[in-house]
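The tour below goes from one selection to the next and says what is to be found at each stop.

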Amino acid sequence: MPETHADHADLLRRLFEAAVAAADPAASLSANLPDRPPGRVVVLGAGKAGARMAQAVEAQWGPCEGLIVVPYGTRLPTRSIELVEAAHPVPDAAGLAATARILDLAASLGPDDFALFLISGGGSSLLCAPAEGWDLAEKQALNGALLASGLPIERMNVLRKRASKVKGGRLALAAHPASHLTLAISDVPGDHPDAIASGPTVPSRGQETDLPDLEGLIPPPLLAKLERAGPLPEPEHACFQQDYRLIATPMISLTAAAKVAEEAGLRPVIRGDAIEGEAREVGRQMAKDVAARIKAGEGGGTVLLSGGETTVTLGTDPGWGGRNVEFLLSFALHAPHSVSALAADTDGIDGMGPHAGGVWLAGDEAPSGLMQKHLQAHDAAAFFDQAGRLLTVGPTHTNVNDFRAVLF
């Protein structure tokens, strides 16, 4: 069991690094990529892991025709697959133009051609193709409203599909009748393919979502447009009778972190890979759980590991935050002083960044009033920055969503 601040900080950092390494496409993709098909091969996709996935494909298949959209600041050197940078989490004109090119490339494929789709978290905003009657400004407004709504990611993505001509299986439809394979990295609770990047190559599990309860969360003109949206492609369409492989998931990363914990002499407990809810409430409940475990005599080197995706319902004029630091601030406010914790996004960016998350170490103290003030203002990143406890790692070129480790 580590004894000092430095020991706790080092261990928590190593757990996070193990989780990220387990989701690195450089290893996971090569194990799932078949031999290169004969004839024309086109590589298409989008997401935070797109650059590393492209590199892994070229390492095994050699130069390939292709185009992948990645967030600004995450481009890596590739031999022939073109990487275009665009905005995340709110789409921009660069993403709009790149997605139009991707749809054109998909439409150019014939029955003897092959498409390899590389999909990862973040692809929902990077793949931007407004549906008929929508424009970029409206898509940006919709995304902004959804991000501030506090809705679970799956509900957000169902709504995004209604306003898109690339999501909800429409990219696969554009590539029909070519053969294709999708390699995906999951960043969503439950690992449902139709929720990862809003499922551009798979059928949707449901055509509808409740709209009346969205009043007040989404501007009325956009809500009216969502209500008039056309149907998604039918799940029985031949374009969906293709191979789809998940090459990295939150549970794979949590299991890798648990192995590192065991090697350090700790008892890892994986509390779940699909935890959702309001970040501050999840933090408060987890602190309550830890306090109960300690009272019951559990401890002596226990580390709780969890993943998933919490949400933050933003008020007016929010501060500098992110869902992971908001979780951590709420946790620190309510947890016993003998507990250390780390909460970070595996993509290296929590909210608008540039931090990945934060660390709170056993014995750290701050006035509860100050902590409450920052929590209520959604200003948790500023609190941890002032405390010297922000975790900054830069883009990791992968994404299996939130990672939390609690040591007691």
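**Stop one: a buried asparagine**

Select Asn 143, which is found in helix H6 (residues 136–149); helices here are DSSP runs of H or I with at least four residues, strands are runs of E with at least two, and both are numbered from the N terminus. Bear in mind that this is a predicted model, in which local features need pLDDT of at least 70 and side-chain atom pairs count only at pLDDT 80 or more, whereas totals for chains, interfaces and linings use all residues. Residues are numbered from 1 along each chain as its sequence is written, and side-chain values use heavy atoms, with hydrogens and water left out.

At 4% relative accessibility, Asn 143 counts as buried (buried is under 20% relative accessible area, exposed over 50% and partly exposed in between, with a 1.4 Å probe and protein chains only). Show the residues that Asn 143 touches, leaving out those up to four places away in sequence: they are Pro 89, Val 90, Pro 91, Ser 125 and Arg 160, where contact means heavy atoms within 4.5 Å.

**Stop two: two cis peptide bonds**

From that list, move to Pro 89, which is found in the loop between strand S3 (82–86) and H4. The bond that joins His 88 and Pro 89 is a cis peptide bond, with omega about 10°. Then select His 176 and Pro 177, whose peptide bond is also cis, with omega near 15°; Pro 177 is found in the loop between helix H8 (170–175) and strand S5 (179–185).

Next select Val 69 in strand S2 (residues 65–71), a residue that is buried, with a relative accessible area of 0%. Apart from neighbours within four places in sequence, Val 69 is in contact with Gly 45, Ala 46, Gly 47, Val 84, Ala 86, Ala 98, Ile 102 and Leu 126. If you draw a C-alpha to C-alpha distance from Val 69 to Met 53, the two are 12 Å apart in space and 16 residues apart in sequence.

Thr 99, in helix H4 (residues 93–107), is likewise buried, with a relative accessible area of 0%. Beyond residues up to four places away in sequence, Thr 99 touches Leu 126, Leu 127, Cys 128, Ala 129 and Val 166.

**Stop four: the cysteines**

Cys 128 is itself buried, at a relative accessible area of 1%, and Cys 64 is buried too, at 2%. How many disulfides does a search of the whole structure find? It finds 0, a disulfide being a pair of cysteine sulfur atoms within 2.5 Å.

**Stop five: helix pairs**

Two packed helices are described by the angle between their axes and the distance between the axes. Axes are lines fitted to C-alpha atoms, for helices over the stretch in contact, and angles run from 0 to 180 degrees between N-to-C directions.

The residues in contact are Glu 138, Ala 141 and Leu 142 of H6, with Leu 222, Lys 225 and Leu 226 of H9.

Now show H12 (residues 323–334) with helix H11 (residues 279–295), a pair that packs at an angle of about 40° with axes 7 Å apart, so that H11 is oblique to H12. The contact includes Met 286 and Val 290 of H11, and Phe 327 and Phe 331 of H12.

**Last stop: positive phi**

Finish with Ser 198, in the loop between S5 and H9, which has a positive phi near 65° although it is a residue other than glycine and is buried at 0% relative accessibility. Asn 401, in the loop between strand S11 (390–391) and strand S12 (402–407), also has a positive phi, about 75°, without being a glycine, and is buried at 2%.

Notes: Parallel < 35°, antiparallel > 145°, perpendicular 65-115°, else oblique.
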